[in-house]
Amino acid sequence: MDFSIRNATPEDMPQVLKLIRELAAFEKEPNAVEIDEKELVTEGFGEHPLFQCIVAEVKGEIVGTAIFYYRFSTWQGRSIHLEDLIVTSSMRGTGIGSALYAEVMRFADFKGVRRVEWVVLDWNKTAIDFYEKSGAVLLKDWYLAQMDKKGLQAFVSKKFAD
C-alpha cells in the first residue's frame, strides 16, 4: 500500500471531519459529533492551536488521521493525549493506522514527553491487541470520567444558584 503521512492543513478538515463521523458511527455514537469544519480549523490552526493533526493520504485522499494534544500530568509532567486515531474502514489492515500511531510516538519522543495516553473501548479487541503488542499498558483499574455540556450546566446552575 502506497501512502504518505503528513501534517494536516486547514483545507484537510472537511475530510478529517468525515473520518471523525465515521469513527463515531463505528463506536456506536453516530449522532455524537457536534463539532464542524470551521471549529476544527479555528481550534487546530488558530493563534493558539488546541490540537495537532496528522493525516494519511492515498492518491490525494485522506484515509486516516491522528489528533493529539499536550497535557500536563502532576506525576509525569508534560504528556501527550492521543484523542483519536482513525483509519477509514476500507483501509484498515493496510498498515496506515500503525504508521499514524508510530508517527505520534516519534513526535512524543522527539518532544521529550514522559507519557502518551489515550482511551480505547473495552470491546475494540483489535485495537487493544495492537496497543498491547506495541508495549502500551492498559490501566483496567481506572475509570474514565466525563461531564457533558448538559451535566456541566446543571451542576454549575445548582452549585452557584443564588
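This is a predicted model: local features need pLDDT of at least 70, side-chain atom pairs count only at pLDDT 80 or more; totals for chains, interfaces and linings use all residues.
Q: How do helix 1 and helix 2 cross, and how close do their axes come?
A: The axes of helix 1, residues 13–26, and helix 2, residues 37–45, come within 9 Å and cross at roughly 110 degrees. Angles of 65 to 115 degrees count as roughly perpendicular, and helix 1 and helix 2 are therefore roughly perpendicular to each other.

Q: Which residues meet there?
A: From helix 1 there are Met-13, Pro-14, Leu-17 and Ile-20, and they meet Glu-37, Leu-40, Val-41 and Phe-45 of helix 2. Sorted by class, this contact has seven nonpolar residues, one charged residue and no polar ones.

Q: Switching to strands, how does strand 2 run against strand 3, parallel or antiparallel?
A: Strand 2, residues 52–58, and strand 3, residues 61–73, run antiparallel and are joined by seven bridges. Within this pairing, Ala-56 stands opposite Gly-64 of strand 3.

Q: And what sits between those two strands?
A: Strand 2 and strand 3 form a hairpin with two residues between them, and in that turn Lys-59 has a positive phi of about 50 degrees.

Q: What about strand 3 and strand 4, how many bridges join them?
A: Ten bridges join strand 3 to strand 4, residues 77–87, and these strands also run antiparallel. One example is Phe-68, whose bridge partner in strand 4 is Leu-82, and the hairpin that joins strand 3 to strand 4 passes through three residues.

Q: New topic: how many salt bridges does the structure hold?
A: The structure holds eight salt bridges. One of them is formed by Arg-6 with Asp-12, where the closest N and O atoms are 2.7 Å apart.

Q: Which salt bridge involves helix 3 residues?
A: The side chains of Arg-106 and Glu-103 meet in a salt bridge of 2.8 Å, N to O, and both residues lie in helix 3, residues 96–111, three residues apart, which is about one turn of the helix. Arg-106 counts as exposed at 54% relative accessibility, while Glu-103, at 25%, counts as partly exposed.

Q: Which residues are joined into a network by salt bridges that share partners?
A: Arg-6, Asp-12 and Glu-57 are joined into one network in this way.

Definitions and conventions: Residues are numbered from 1 along each chain as its sequence is written. Side-chain values use heavy atoms; hydrogens and water are left out. Axes are lines fitted to C-alpha atoms, for helices over the stretch in contact, and angles run from 0 to 180 degrees between N-to-C directions. Helices (H or I, at least four residues) and strands (E, at least two) are DSSP runs, numbered from the N terminus. Angles under 35 degrees count as roughly parallel, over 145 as roughly antiparallel, 65 to 115 as roughly perpendicular and the rest as oblique. Contact means heavy atoms within 4.5 Å. Ala, Val, Leu, Ile, Met, Phe, Trp, Tyr, Cys and Pro count as nonpolar, Asp, Glu, Lys and Arg as charged, and the others, Gly among them, as polar. Two strands pair if DSSP finds at least two bridges between them. A salt bridge is a side-chain nitrogen of Lys or Arg within 4 Å of a carboxyl oxygen of Asp or Glu. Buried means under 20% relative accessible area, exposed over 50%, partly exposed in between (1.4 Å probe, protein chains only).
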